[in-house]
Amino acid sequence: MKYASTRSIDQTKTVSAAQAIKQGLADDGGLFMPLEIPSLGMDEILALKDKTYVDRAVYVLSKFLDDYTEEELRRDCEAAYGETKFPGGAAPCVSIDGRIYALELWHGPTCAFKDMALQIMPRLLCRALDKTGEKRDAMILVATSGDTGKAALEGYCDVDRIKIKVFYPVDGVSRVQKLQMATQGGSNVDVCAIHGNFDDAQTGVKKIFSDAAIAKTLDGEGVFLSSANSINWGRLAPQIVYYVSAYCDLLKSGAVKPGEAIDVCVPTGNFGNIFAAYIAKSMGLPIEKLICASNRNNVLTDFLRDGVYDRNRKFYTTMSPSMDILISSNLERLLYVLAGAEKTAGYMRALSQDGRYEIDAETKAKIGENFLGYFCDEELTKATIRDAFDQNGYLCDTHTAVGLAAAKQYIAEHGGDRKIVLASTASPYKFANDVYTALTGKKAADELAALSALAAYTHTEIPAPLAGIDTRPVRFTKTIDASDMPADVLAFAK
């Protein structure tokens, strides 16, 4: 399995899976994609139906990471998805109302779906250093809108030969998310807030990656940069697994018959999670429609409807902050698959120069065959949280509520009776105050008091990773301007 850049017209310039994972971004600024998507037949899916999540992950990942041995993948998957990291099992599929099933991706160590990839990605990267003969140490550079940062910190904490530096928007994450990052242990980690929003942080990180002078300075320190964001293939590939696993679980429970199509709904900002579902569909998983759910920052909804991607719009800070994004990096991978590298490179140049691009009619039609976009404002988010709990006894966080609202808009518009797998991306306790307010109309004294208030009101337990978070020592308090990010990275490298 060979990988090429989404922007490279010369598709003979390829790298191995290990090289793609080690490098993160391609040399031309593009993202790595496999030259072909492997197939997954119904006979294979049926064989996985009664297997564990670890077994399913090993099988699916082996199709993409064929320079890793099955033994290596099994060892890494067992360490990532075993009982220690995911008590009770990873990625259960829970019925909300008989048609919509929540694929709960948040039962890991940081209570967010990012754990599903970021528990295994550090292990894949460590192996990649050896497989590629890399003598330098890696520095993971992360921009986060809340969940990726903590999940990456947790995954890479005290891993040999790797440092990790996380940037987040100072006013763009919840207090619980901020405390999760600020109290992170480990001798190889650093966390810094920036003035600005997530797009400022992500743009700053991308500029650092593409700066030859910084790369040369770091090389002198025996360090090279890599990424834990979903722009890294080692982060995206594990996400494909849980859509396959969800279908297996629906088969096992009798909710669907072999070959019966489902729809998938994903609340998304950076487009990585829903693109992983698209790859699963391309492999042969019976997925009909991919429902892309956005919050008030509905740049993706507009793009899917009119073919124009325009980030020149007002940015909103919402109660679903992990989706407060106006530059959806993984959309580049979809454009590459459907339009080719030359057009994709042109679109990305236009986005960089003008903040917008418009796709051609043929590409728009191809996207429309697979994707539909819906969005949800703040009031509908709150109403959806309340209705899900009052009517179905299901407690969801703000991001999952955006997805649930989109799924219901889709049903109202298209009808039908296909089962819908909804990616449930975070524990409701990560956004306890907003969830509590949506349910009761009241606000707790602060986000930490909201944890106990939500538990008392719903008769549910605070997840262990969040219990007592306010008693842990705060290690990281620095806030800088986005323009100072390069200097901060170089200082950390030393």
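Reply: The side chain of Glu44 reaches the backbone nitrogen of Gly41 at 2.6 Å. A polar contact is a pair of N or O atoms within 3.5 Å; within protein, one must be able to donate a hydrogen and the other to accept it, and residues adjacent in sequence count only if both atoms are side-chain atoms. This is a predicted model, in which local features need pLDDT of at least 70 and side-chain atom pairs count only at pLDDT 80 or more, while totals for chains, interfaces and linings use all residues. Residues are numbered from 1 along each chain as its sequence is written, and side-chain values use heavy atoms, with hydrogens and water left out.

Glu44 sits in helix α2, which covers residues 42–48. Helices (H or I, at least four residues) and strands (E, at least two) are DSSP runs, numbered from the N terminus. Glu44 counts as buried because its relative accessibility is 17%; buried means under 20% relative accessible area, exposed over 50%, and partly exposed in between (1.4 Å probe, protein chains only). Leaving aside residues up to four places away in sequence, Glu44 touches Ser39, Tyr59 and Lys63, where contact means heavy atoms within 4.5 Å.

Another buried residue is Cys292, with a relative accessible area of 0%. Cys292 belongs to strand β10, residues 287–294. With residues up to four places away in sequence again not counted, the residues that Cys292 touches include Val266, Phe271, Leu300 and Tyr374. Asn273 is 19 residues from Cys292 along the chain, and their C-alpha atoms are separated by 9.9 Å.

Most residues other than glycine have a negative phi, and most peptide bonds are trans. Ala91 is not a glycine, yet has a positive phi of about 55°. Ala91 lies in the loop between α4 (70–81) and β3 (93–95), and at 1% relative accessibility Ala91 counts as buried. His459, also not a glycine, has a positive phi of about 60°. The loop that holds His459 runs between α20 (447–458) and β15 (479–481). His459 counts as exposed, at 73% relative accessibility.
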